[in-house]
Amino acid sequence: MERLCNIAYNRDTEFLLFGGDLIDGYTVSPEDYNMQFNAWKQAVSAYRRSKSIYTIMGNHECLSNNYITGKKYGLSVDKWPYDTMSSEVLFARNFVNPTNGPKQEHKGRPSYTESVYSYQYGNVKFVCLNNNYWVSYLPHKTGGSPEGYFFQDQIKWLERQLEAAEDDRSVDHIIISMHEPMFPNGGHITDTMWYLGDNKWRGHTYDHEKGKLVPEQKGIIEVRNQIAKMVTNSSKVAVVLGSDEHSYSRLLIDENTPCGNLETDDKNGDNFLSWPDEQVRQSRISGSPLGLLPAVVQVHLTMPKR
């Protein structure tokens, strides 16, 4: 990180946008969590003295309570109380990011403050999202959200950001950044925003009145397509930046991009888009649900795995 920042500084970059996985994370200790961030900030300190670095959360920005279950990783859930000890709150304490993000619609969820935000530089608007929010790896049992998932409160905020930029003559281009890519291309096709086409993955929130966990209405594939439609309907979104994959790729998303649509492709009605079981060609963006839309480029940028 120190060498990369030196290169960026010598090339006279205006600022850096870091797409998550700053640290190793996956710790149960707040002290360890903060120490790891301090090490990262020390590595980039020469750059940060005079230039900005905007950070977003990745899956490794994970502070949790872990429970032994007999399985390799046990049971991991976001640390609570959420207003003082969650991954999201401690991430916000370690960095100074804009505070114009959404309000969480449910009081039983962590805050979005400083992990979801937007800012404008010249004629370019940057929208930074958090699809590692309130991560749980068994959300249907513990509550929480699978990697890559977006609750509707964050999606509604994104929609307002895009609509406002569409009417803003000072904005010519929009760049969206999220850690989990919308269209993974490598080892993360088993999670991120695809889960091998399994739409059953979704967030769950405990309802005190009903006394049980309540699943979100939309699954991961529906949420991915919902955002893809919003993005490609915008005349100003130029690039969606994704991270997490240990590879580099560029994908041109246009009317010919296979996307998968539950309404047309889930022939057996199991809420799972699979090939060759479905025996259909997955819908392209030119059909439902995404329409004939302008092209958008998605880019993955991560360091290779050692």
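**Entry 1: helix H5**

I began with helix H5, residues 87–94, and found it mostly covered in this predicted model, since seven of its eight residues are buried, where buried stands for under 20% relative accessible area, exposed for over 50% and partly exposed for what falls in between, with a 1.4 Å probe and protein chains only. The helices (H or I, at least four residues) and strands (E, at least two) that I name are DSSP runs, numbered from the N terminus. I listed the buried residues of H5 as Ser87, Glu88, Val89, Leu90, Phe91, Ala92 and Asn94. I then looked for what covers them and noted that the cover includes helix H2 (30–43), strand E2 (52–55), strand E4 (75–78) and helix H4 (82–85), a contact being heavy atoms within 4.5 Å.

For the ground rules I wrote down that residues are numbered from 1 along each chain as its sequence is written, and that side-chain values use heavy atoms, with hydrogens and water left out. The model being predicted, local features need pLDDT of at least 70 and side-chain atom pairs count only at pLDDT 80 or more, while totals for chains, interfaces and linings use all residues.

**Entry 2: H2 against H5**

Two packed helices are described by the angle between their axes and the distance between the axes. For H2 and H5 I read axes that come within 11 Å and cross at roughly 35°; axes here are lines fitted to C-alpha atoms, for helices over the stretch in contact, and angles run from 0 to 180 degrees between N-to-C directions. The crossing of H2 and H5 is right-handed, a term for the near helix being turned clockwise from the far one by less than a right angle, with anticlockwise giving left-handed. On the H2 side I noted Pro30, Tyr33, Asn34, Phe37, Asn38 and Lys41 in the contact, and on the H5 side Ser87, Leu90, Phe91 and Asn94. These residues divide into five nonpolar, four polar and one charged, counting Ala, Val, Leu, Ile, Met, Phe, Trp, Tyr, Cys and Pro as nonpolar, Asp, Glu, Lys and Arg as charged, and the others, Gly among them, as polar.

I next looked at the loop between strand E1 (15–18) and H2, where Ile23 lies. Ile23 counts as buried because its relative accessibility is 8%. Leaving aside neighbours within four places in sequence, I found Ile23 in contact with Tyr33, Gln36, Phe37, Trp40, His60 and Glu61. Asp21 also has its place in the loop between E1 and H2, and it counts as partly exposed because its relative accessibility is 24%.

**Entry 3: backbone exceptions**

Most residues other than glycine have a negative phi, and most peptide bonds are trans. Against that background I noted Asp21, a residue other than glycine with a positive phi near 60°, and Asp244, likewise not glycine, with a positive phi near 75°. Asp244 lies in the loop between strand E10 (237–242) and strand E11 (249–253), and it is buried because its relative accessible area is 4%. I also found a cis peptide bond joining Trp80 and Pro81, with omega about 0°, and placed Pro81 in the loop between E4 and H4.

I found strand E8 (residues 204–207) and strand E9 (residues 212–215) paired in the antiparallel sense over four bridges, pairing being called when DSSP finds at least two bridges between two strands. Asp207 has Lys212 in E9 as its bridge partner, and in the hairpin, which has four residues between the strands, Gly211 takes a positive phi near 70°. Val214 is in strand E9 and is partly exposed because its relative accessible area is 24%; not counting residues up to four places away in sequence, Val214 touches Gly203, His204, Thr205 and Asp207. I also checked C-alpha to C-alpha distances, and Val214 and Gly143, 71 residues apart in sequence, are 8.4 Å apart in space.

**Entry 4: confidence**

Last I checked pLDDT, the predictor's confidence in each residue, from 0 to 100. The chain averages a pLDDT of 90, and 91% of the residues score at least 70. Over residues 286–295 the pLDDT is below 50, and I noted 29 contacts of this stretch in the model beyond near neighbours in sequence. Residues 301–306 also have a pLDDT below 50, with 12 contacts beyond near neighbours in sequence.
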